[in-house]
Amino acid sequence: MASGLEDVKEALKAISLGQSKLLSAVETVSQRVAELEKASEQDRRRPSLTGTDSSKRAMTPLAGGFTPSPSTVMPAEAGTQPAPTSSASAFSSRVVLTTYPRQLGINPLPLNWGAEDPLERGPVAVSRSPSTIGRRNAIGAHGGSYSIYYALALASRELKADHKPDFTNTEPAVNIGPFPGWAGEKKIVAMDPWGHMVPWIYKDFIEKEDVDLRPTIAITKAHMKLPELEESVKLGRLVPDGKVCLNAAGELAVTKFAVEPVWYLPGVAERFGIDEGTLRRSLFEHTGGMYPECNGSDVFCSDICTCRPYLIFGIEEAVKEAQNGGSGVVIYFRKEGRALVVYNARKRGQDLASDYFKRTENIAGVKDMRFQALMPDILHWLGITKIDRMLSMSNMKHDAIVSQGIPIHERVELPESWIPADSRVEIDAKINAGYFTTGHRMTEEELKSVQGRIWEEGKGLTRDNSIDH
C-alpha cells in the first residue's frame, strides 16, 4: 500500500513538472510572437518623410487662434485622438494574472516580514515589468485605486512597459524612524514601514538584479493655509511662532505623508479573525486579482499648485450662477497624475517652470496621467448639452468635452489674485503647454525666470525622537 502511494506521489510530481515546463514554453513562444507582432506593427506605422510635413500634422489649433508648436504641445489625450491605423496589442496572447513559486523560471525575492533589519526583511516586489515579474513576491499593483490609470497609460501606449522611474532628488523631505514598532509580524500589517526608503535601501537589488522596486510612501513638506486657522489666531487659540504657525494668517509649515497600502496577508487575516486562505480567495475573486483629485491642495491646502484656489473660485461662481437663475455645477474627479516625490525633486533642484513637466515625466514616465476621455460622461448623465461658462483652463478637459458634442461658449481662467506665489511654476508651465489664457503666454526662455520657493533642508525624527541633524 505504501509503495503504491509513493508511486502516485511520484506520478503527480512528474505531471506538475511537465505542466510547469509546458507553461514556461507557452510563455516563451507567446513573448516571441508578441515581439514579432510589435516589430511588424512598427514597420507598418513607420512614417514616410516624402512630401509630408509631420510637424504640421501634429499642430492642433486652440481657442483664441493660438497654435502651439510641436515642442509645446502636451501629450495627446488617450481616447480623444483618431484611432491608430492598426489595433494590434502590445501584450502577449497569454494572460498572466500571477506567478507561482514552483513555476519554471520563477524565483521570488526572499521576504521575511517583520524583520528588524530592512535588508533581512527584503523588498516588496510587485511590478509586472519583464525584468521583475519572475522575482515578484507580492500580488497587486502600485498606486492603489489609481493603478487603473497606469493600466490605461500602458494600453494606450502613452507609457512604455519597461519604464523605470528616475528617483533622483526624491528622497523623503524629513527622516522618519526606524522605530521599535516597525519590527515584528503583528504591529504593522497594512503598510510597508520601509516604503519611503525603497529606492535607496534596496539600491543593489534595483541596479545589480535589474528589479523594478518603487516607494509606497511619499514624505514631503509644504505650507498649509486654512481660513479657519486665521480665525483661530484672531481668537487667540493659536499663537504664531514663526516656525510651526508662521504668521497671523494661520499659515502652517507641515510635513505630508502619502501612504500606499501594502498588506501582509497573514497579519491582516489574523486581525479580522479569519483564515488566510479565505482572505486570499475573497481578495482575488472580488477585486479581479489585485487589491481628478489633487488631495494635497484641495483638502490639505498646499500652495504649490492652483487646484484648491480654482476649486473655491469655481464654487463661488457656481453659487452666483445659481442665484442668477442658471445651473451652477461643480464636478470633482478623484484622480491624481503626479506624486508627492515629484515635489521633492523640484524643491531640491531650482524648481523652474521650464523644468516642470520634465521632472514629472522622469518619475512617472508621462507628463500627465489624468486622462480626460471618460470625464464628459457625467455631463451627458446630467443632461447638459452646452456649457455657457467653463471655469477650467485645461485644454485636455476642453477638448474632451467638445469632442463629445458639448459646446463651450466661454472659458474663464483663474484670476491672478487667486494664484499663490509658489504655484506660478505650475500655472505658467501649463499655460505655455496649452492651457487657456487671455493674458501673456510665456516662451520657453521666459519660463526659466519663474522659480518656486526653495527648501531649507529640515530636520527629522529618529528612533528616540531626538533631532537628527
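**Entry 1**

I then checked the pLDDT, which is the predictor's confidence in each residue, from 0 to 100. The protein chain averages a pLDDT of 76, and 71% of the residues score at least 70. Over residues 48-86 the pLDDT stays under 50, and the model has 47 contacts for this stretch beyond four places in sequence, a contact being heavy atoms within 4.5 Å. Residues 459-469 also have a pLDDT below 50, with 23 contacts in the model beyond near neighbours in sequence. I reminded myself that where pLDDT is low, the predicted coordinates should not be read in detail.

**Entry 1: the chain as a whole**

I found 17 helices and 4 strands in the secondary structure of the protein chain, where helices (H or I, at least four residues) and strands (E, at least two) are DSSP runs, numbered from the N terminus. Of the 469 residues of the protein chain, 38% count as buried. The protein chain exposes about 26900 Å², of which carbon and sulfur atoms supply 57%; accessible areas come from the Shrake-Rupley method with a 1.4 Å probe, and for residues, only the protein chains shown count as cover.

**Entry 2: aromatic pairs**

I searched the whole structure for aromatic pairs and noted 6 of them. Rings of Phe, Tyr and Trp (its six-membered ring) pair if their centres lie within 6.5 Å, and planes under 30 degrees apart count as stacked, over 60 as edge-to-face and the rest as tilted.

W113 and Y264 form a stacked pair, 5.3 Å centre to centre with 5 degrees between the planes. The pair links distant parts of the chain, 151 residues apart, since W113 lies in the loop between α2 (54-58) and α3 (118-121) and Y264 in the loop between β2 (252-259) and α8 (265-272). W113 is buried, with a relative accessible area of 6%, and Y264 is buried too, with 18%.

W182 and W194 form an edge-to-face pair, 4.8 Å centre to centre with 90 degrees between the planes. Both W182 and W194 lie in the loop between α4 (147-155) and α5 (198-201), 12 residues apart. W182 is buried at 14% relative accessible area, and W194 counts as buried at 9%. I also noted that ring pairs link F179, W182 and W194 into a cluster.

**Entry 3: helix α7**

Which residues of helix α7 (residues 227-234) are buried? I found L229, S232 and V233, and they lie on the same side of α7 because they cover an arc of only 100 degrees around the axis, the arc being that of the directions from the helix axis to the C-beta atoms. These buried residues of α7 pack against β2, whereas the face turned away from the buried side carries the exposed residues P227, E228 and K234. Just after α7, G236 takes a positive phi of about 85 degrees.

**Entry 4: salt bridges**

I noted 20 salt bridges in the structure, each being a side-chain nitrogen of Lys or Arg within 4 Å of a carboxyl oxygen of Asp or Glu.

The side chain of K164, with which I began, meets that of D210 in a salt bridge (2.4 Å, N to O). D210 lies in the loop between α6 (203-208) and β1 (217-224) and K164 in the loop between α4 and α5, so the pair ties together parts that are 46 residues apart in sequence. D210 counts as partly exposed at 40% relative accessibility.

D422 and K347 meet in a salt bridge at 2.8 Å, N to O. D422 lies in the loop between α15 (395-403) and α16 (424-433) and K347 in helix α12 (residues 340-348), so this pair ties together parts 75 residues apart in sequence. Both D422 and K347 are buried.

Definitions and conventions:
Residues numbered from 1 in each chain as written. Predicted model: local features only at pLDDT ≥ 70, side-chain atom pairs only at ≥ 80, totals over all residues. Heavy atoms only, no water. Buried < 20%, exposed > 50% of the residue type's maximum accessible area, 1.4 Å probe, protein only.
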